[in-house]
Amino acid sequence: MIPVTLTIAGSDCGGGAGIQADLKTFQELQTFGTSVITALTAQNTLGVHDVQAVPSDFVIAQLNAILDDFDVSAIKTGMLFSSDIIRAVSERLQQEKIPLIIDPVMIAKGGATLLKTEAMDAMITHLLPLATILTPNIPEAEQLTNTKITTIDDVHQAAALLLQMGPEMIIMKGGHIAEDHAATDRLYFKDGRVLTYSSQRIATKDTHGTGCTFSAAITAGIAYGLNVDEAIKQAKDFIFHAISDGLGIGHGHGPTNHFAFNNALRKTGDPDAH
Ligand SMILES: Nc1ncnc2c1ncn2[C@@H]1O[C@H](COP(=O)(O)OP(=O)(O)O)[C@@H](O)[C@H]1O
Ligand SMILES: Cc1ncc(COP(=O)(O)OP(=O)(O)O)c(N)n1
């Protein structure tokens, strides 16, 4: 049976991030992708031009439609936008025992707000305690912990604070640390273990949707039965190929290439080519 994956996130009509990036990633990693849409964005590679939130009762109607019928193997959340939506989703997910990957999406690369300021408390209080894996980048970790992160030591300290908020594991994406010249992510466990995942940092402006794609790839790996370490290694390969083999679409920060991982696999028999 093909595993079923679910993303609870916002729509990016431009296809590079959000629900669309998640479903493309789920499909490429051999899972059956389903989706609950929390908000519609009018968005392209130049930025987010408008946002319409979906009423929280309709978000829950979508979630019930999926969970009442499908045997979902792993769930991810992305843009949740408001405290109403976060509270409703958390309450519904609390009733399930399905691995939950939380990408705490807050601000798009162009600066648009994808999480209202009023929703930060709800995210910390209601959603983070449900996380199997939390996947913040540095600015998101700074917001959640109310700390400034400039060194790798700061990253360790912020991860420790985030673990106290309830997630089982934190993967800190290190893209914004000046002393890290590679693209290095660190996985923190409650027992103090830390695993490191590193790839070459690619110099490109086409990184729209990298966070969404990476967390969706982890979700697909977990749904497939990989352990967390294997799922993150695969996700790191997936995003590395997606960034390095860019598509050149749009006039701004272009989307990543969701075909690239499988293209590399078909060519070499081994996608681990970096
Ligand atoms: N330019 C890049 N080259 C290689 N990997 C990257 C690049 N930018 C981001 N990544 C990787 O993509 C994944 C998603 O990162 P993202 O959410 O964009 O975080 P960050 O803000 O830390 O870059 C992470 O594994 C990160 O290390
Ligand atoms: C609808 C929607 N969800 C999430 C994002 C943020 O995506 P991310 O992967 O963090 O990439 P950038 O916005 O930084 O390109 C989004 N833009 N839209």
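**View 1. The largest nonpolar core of this predicted model has 74 residues.** A nonpolar core is a set of buried Ala, Val, Leu, Ile, Met, Phe, Trp, Tyr and Cys residues joined through C-beta atoms within 7 Å; buried means 20 or more other C-beta atoms within 10 Å of a residue's own, exposed means 12 or fewer, and partly exposed lies in between, with C-beta atoms placed from the backbone. Val89, Ala217 and Ile218 touch the most other members. Helix 8 (residues 228-244) gives the largest share of this core, nine residues. Helices (H or I, at least four residues) and strands (E, at least two) are DSSP runs numbered from the N terminus.

Residues are numbered from 1 along each chain as its sequence is written, and chains are lettered from A and ligands numbered from 1 in the order in which they are written. Local features need pLDDT of at least 70, side-chain atom pairs count only at pLDDT 80 or more, and totals for chains, interfaces and linings use all residues.

**View 2. Ligand 2 is surrounded by 19 residues.** Each has its C-beta atom, placed from the backbone, within 6 Å of the ligand. Gly10, Gly18, Ala108, Lys109 and Gly211 are the closest. At least two shell residues come from each of strand 1 (4-12), strand 2 (32-44) and helix 7 (210-223).

**View 3. Asp69 lies in the loop between helix 2 (56-67) and strand 4 (72-77).** Asp69 counts as exposed because it has 10 C-beta neighbours inside 10 Å.

**View 4. Strand 2 and strand 3 form a hairpin with two residues between them.** The two strands run antiparallel and are joined by six bridges. Ala39 stands opposite Ala53 in strand 3.

Key. Two strands pair if DSSP finds at least two bridges between them.
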